[in-house]
Amino acid sequence: MCGIVGYVGPQPALPILVEGLRRLEYRGYDSAGVAVRTDDAIWVQKAVGRVSSLAAKTRLGPAGCIGIAHTRWATHGGVTEANAHPHLDERARIAVVHNGIIENMSELKRELEQQGVVFKSETDTEIFAHLIRSVYDGDPLQAVSYAVKRVRGTYGIAVMFQEHPEQLFVARNGSPLVIGLGDGETVVASDPQAVVEHTRRVVYLKDRELAILTRDGVQVHSFDGRSLDSSIEMLEADYKVADKEGFPHFMLKEIHEQPRSIQRCQLGRIQVEDGNARLGGMELQPRDLVGIQRVIMLGCGTSYHAGMVGSMAIEALARVPSRAEIASEFRHRHPIVPREALFVAISQSGETLDTLGAIQEVQLKGGDCVGVVNVVGSTIARTCGRGTYLYSGPEVAVASTKAFTSQITALLTFTLMLARTRDLSYDKGQEVAQSLHDIPAKVAHYLERPGPIDEAVEAIVDARYVLFLGRGFSYPVALEGALKLKEIAYVPCEAYPAGEMKHGPIAMLEEGTPVIVIVPRDSQREKAISNIKEVQARGAKVIAIHTEGDELVQSIADISIEVPACAEYVSPLITVLPLQLIAYKAGLALGRDIDKPRNLAKSVTVE
Ligand code: AGP
């Protein structure tokens, strides 16, 4: 949440900073701002709304060669220009941008106010500017070190001093910062997306590290002042700036990328001939796998839903007890961390603070946690130390689509490995591997002919309430479909396990209420058909997502959307597709901002 960019080099900083903000806009987009040093003063411009509004206001900005910029997702204080970053000290000679939260804000603010400081915004960030000023005596490193040591909380900050025209100062405690080392220029950002156009040589700042950036490079220090070695890494050769590739929205592009992203996730991992799979990064040998007595998934939102599918597959195929936990709940309830359990942290961004907190809780209690992460080198990937990457490529739309199907693919791959060390026979292993191998073609097949999505959209856009129902493997799919519809179209809806509906939500149904039932041809189908009958008896309009050629479901549904046949445990990879399209098209029909829905941000780095 919130994106930071900084630049020091030979070129005018302003266009570089604004372009960097565009690349990071997915991280927060309620307001944006930029500060550029000129010979006389720090020039600041801010705008409420999107980066495009800021861009329009900065066309005639100064040509200074050092600056910092920020795109905001509000935590402290409303969405106003005054609250947008950068924030300045009272003499307007120090500028700060910040991603994260200062937990001891009240105490520090009171202390600064007692010293006579008058705050100009409601943000916690402004504290950094005043704290730095309160001890600054010409030594910027010492002043920034003081501030970071006084602040409790999570943050990434970038600081610029009018008196130090060749240096930027950055520090990290929990919020990511990547420093790009170019040829005579240095760029810092919350994400390599804003760096890769300048250079592929990067340094990932670690927690409790502070760095001085100049156009010639970076010097890293610990918060207590020790000089540290920085390891330079190269961004992967195929890492590039995300592009819509002709699609009107990133979300649609990412939905259509799924045949490729699922295939990439499987590459070199699924061995159909051997009826087995390999995930080298997990560093789990057969004898380690045999020792695992339970598997506990940790994640939030879509990643939690993927974890639910993964845990069902593990119980069904490997017969190892497994469950998925919402990371934000798990971390705060003093959880039991069984010695013989393997924890699996699932995250697209690799930055979600609640998931990170849950991992740290597991590690604190001596538990073993691997990561299933998309963003290479992200905080969660590093904290887990081992696991598997999804290789989905950058997911830009706030609504997660391709990451969900890749997460499930990775978890099913792990399930196969685990199951083969147990009771799963070679033949059955081959069957599972083949089912996974066949998925990309089935996804492509469905996306070519998605069925009556528009008809379904018409039925739900004006609804006061939409109910999603599924059983077994289709229940997490129902949850995911409802999450997508809420976040993209803002249509009131909820998902229920179909069997649980009669214990309450059935009271919500009235004549014409749309009910989306995920009812593939699996072990739960007959019971799900009974649920269809129950909702129809109350006047509901049923939109059924079912297997191709299932004439019975087709005949009873009001709107029938067919998906290719597949094994039960891989069905979420197929049945979720129409739900992604329904949410997308409903959002479109309602004029929503598809890639940047209100109030949301792509990576949630606050609690
Ligand atoms: C998905 O559409 C959401 N935007 C959200 O639920 C997301 O999945 C959640 O915040 C977890 O993010 P992560 O996978 O990056 O950890």
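A word on the model first. It is predicted, so local features need pLDDT of at least 70 and side-chain atom pairs count only at pLDDT 80 or more, while totals for chains, interfaces and linings use all residues. Residues are numbered from 1 along each chain as its sequence is written, and side-chain values use heavy atoms, with hydrogens and water left out.

Start with strand β9, residues 178-181. Strands here are DSSP runs of E, at least two residues, numbered from the N terminus; helices are runs of H or I, at least four residues. V178 and G180 on one side of β9 are buried, as are I179 and L181 on the other. Buried means under 20% relative accessible area, with a 1.4 Å probe and protein chains only.

β9 runs antiparallel to β10, residues 186-189, with 4 bridges joining them. Strands pair if DSSP finds at least two bridges between them. G180 has V187 as its bridge partner in β10. In that hairpin, 4 residues lie between the strands, and G184 takes a positive phi near 75°. β9 is also antiparallel to β11, residues 201-204, through 3 bridges; there I179 has V203 as its partner.

Now the ligand. A polar side-chain atom of S349 lies 2.6 Å from a ligand oxygen, and a side-chain N or O atom of K484 is 3.0 Å from a ligand oxygen. For T302, a backbone N or O atom lies 3.1 Å from an oxygen of the ligand. The elements giving two or more residues to the shell around the ligand are α9 (301-318) and α16 (474-489).

Note on methods
Buried < 20%, exposed > 50% of the residue type's maximum accessible area, 1.4 Å probe, protein only. Polar contact = N/O pair within 3.5 Å; in protein donor to acceptor, adjacent residues only side chain to side chain.
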